[in-house]
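I opened the model today to look up a few points. My notes follow in the order I checked them.

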Amino acid sequence: MLNPVNLISESSIEEAAYEAHRLAATTLPADVQQAFHGMHERETHELPKQVMAAIVENMEVAEIDQRPICADVGVSRIYAVCGNEAGVAGGGIAFERAVRRATERVTHDLALRSNRCHPLNRTNPGNNLGVFSPNVEYRFEPDADWIEIIAVHKGGAFGSDFRMMVDGDGAKAVHKGVLDAIAEFGRRGLTCPPVLIGVGIGGTKDQAFAIAKQAAVLRPIGDRHPEPEIASLEDELLDLANSLGLGAMGYEGTGGYATDVHVEIAYTHSALTPLGIHQICQACRRGVVRVHKDGTLERREQPSWFTPYSRRLGVEVA
Amino acid sequence: MATHRLSIPLTEEAVRELRIGDIVYLDGKIHTGRGIYYDHVLTKGNKPPIDLATESNVQIHCAPAAVEDAPGKYRVSSVQATASFRYWKWVPDYIEQFGIRAVIGKAGMDKWVYEESFAKNGTVFLTTVGYGVAALYGRAIKNVDAVYWKEELGLPEALWIFDVENLGPFIVDGDCTGASLAAQEIEKINPNFAAAYEKLPDFTLKRIGEIDDTLEHEVIVGRMGCPDPKAE
């Protein structure tokens, strides 16, 4: 039974969501910034070297000027990690109202593009709200009395793919799927490389696509899956992506195409293996703010989306 | 690879001197437009309210990150282009009808568009750098000169006219000889893909319409029914 004294206020949630959106829009995470500096240094071809220099300058200007890193601010969305011991005054409805208000405010204050519109008649309410918008994905974490709000701004039409593999297709078919996605969207740079690639294998069809997205946007560069077999696959796929001679913008280069590859798996249908792939562009944006039960906000570098509990590793039935 | 700083309206002579890989910075008036705008002008026949050829012969495939703080008072934060190859059915008509000398976009267009349309017309394709240095470009927007068709098209897709100062860098992706930087780079990269494909098995099941000659296609537009003018 929750103690009402310890409930987090709606206004604290709103401020956290606002701050998460602001960080996502204007400030690339430290791991991404570091990776881009490294790629710029490693690049030996003139064209992609100039491009990497501009990408690095842009991320610095965005932070200084508080301008969106990219004009395509994606479609407003939030991932929320809810501590099992945390509660919000007014409940989940208050939480979602706070997220909507924060989204509208930050859209105006930072002059974000109003990117959400009706899919057929293109009516645009001008505040990044609307039918099913912003979408919020929740998960729960045991023994935690905080709520973490993660804003992800991901734009673009290109780079994602889905494929229904069958029981005869093994890990090498995953290599093929990733290579296809790079051939299709990476060669001309439609993915805005350098990219961070997320791969989802298994689960249901929609789950494979969802965990691929989460793998791409909610894990830091350098992170490895706890299962050694999956971690090895991540290393192999990263080698594959960076063995093709692609640099920034898909030009021939030595700086690399991908900053990392993250793979998530989910137990799947005994006869099938759905495969989802996402490539997150150089505007690799996430903002993470944790709200503690006393209402204080804590900016965090990395999301807490993936934990042993969230993957249900070693979790008993009862 | 030369660097140029050019004033708008661009002259045909200046544009014909540019070569793929050159870096370009711009001063003057640019105008925006994406698919909804092209449909409004080219299909529905609405005439742009200014003479583009003499005032703003540079178009950017962009919907800006911007808000209207008070009626007619705009604040633009970041500017970035969207993927341009998908506008192949509009761009040749548009540049010819309205005297456009440079199209700023993302990732270029198929080589045949440069050969059949840009080279004849005297137009270049300038690609944004990194495809997302929007804050840098945003800094170069000095003034919103006008916003037209806001009610009809909505604020992002409206026709925005910007006064820009030293807007860039852009890279020439398509020049007036019909050359394509992206196509040139793809040709260099393709042998590496071919080698990687050789080591991998095919999927057990294929999808309807799936192609086997992946590397023959510059971009996915090739799979989407884009006509090859040489075949006609």
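What do the buried residues of helix 8 of chain B pack against? I keep in mind that this is a predicted model. I find two partners: helix 5 (171–185) of chain A and strand 9 (159–174) of chain B.

Next I listed the buried residues of helix 8 of chain B. They are Leu181(B), Ala182(B), Glu185(B), Ile186(B), Ile189(B) and Phe193(B). I recalled a general point here: an α-helix has 3.6 residues a turn, so residues three or four places apart point the same way.

Then I checked the length. Helix 8 of chain B covers residues 181–198, which is 18 residues. At 1.5 Å a residue it should span 26 Å, and I get 27 Å between its end C-alpha atoms, so the two agree. I also looked for a bend. There is a kink of about 35 degrees at Ile189(B), shortly before the proline Pro191(B). Ile189(B) is also among the buried residues of this helix.

I turned to the contact between the chains. Chain A gives 58 residues and chain B gives 51. On the side of chain A that touches chain B, helix 3 (46–65), strand 4 (161–166) and helix 5 each give two or more residues. Helix 3 of chain A has the largest share, with 10 residues. By class, I note 32 nonpolar, 12 polar and 14 charged residues on this side of chain A.

Last, the domains of chain A. Domain 1 is 4–26 + 69–155 + 287–300, and domain 2 is 157–282. Their centres, taken over C-alpha atoms, are 27 Å apart. Five residues of domain 1 are in contact with four of domain 2. On the domain 1 side I note three nonpolar, one polar and one charged.

How values were computed. Residues are numbered from 1 along each chain as its sequence is written. Chains are lettered from A and ligands numbered from 1 in the order in which they are written. This is a predicted model: local features need pLDDT of at least 70, side-chain atom pairs count only at pLDDT 80 or more; totals for chains, interfaces and linings use all residues. Helices (H or I, at least four residues) and strands (E, at least two) are DSSP runs, numbered from the N terminus. The expected span of a helix is 1.5 Å times one less than its number of residues. The bend at a residue is the angle between axes fitted to the seven residues ending there and the seven starting there. A residue is buried if 20 or more other C-beta atoms lie within 10 Å of its own, exposed if 12 or fewer, and partly exposed in between; C-beta atoms are placed from the backbone. Two residues are in contact if their C-beta atoms, placed from the backbone, lie within 7 Å. Ala, Val, Leu, Ile, Met, Phe, Trp, Tyr, Cys and Pro count as nonpolar, Asp, Glu, Lys and Arg as charged, and the others, Gly among them, as polar. Domain bounds come from an automatic or database domain assignment.
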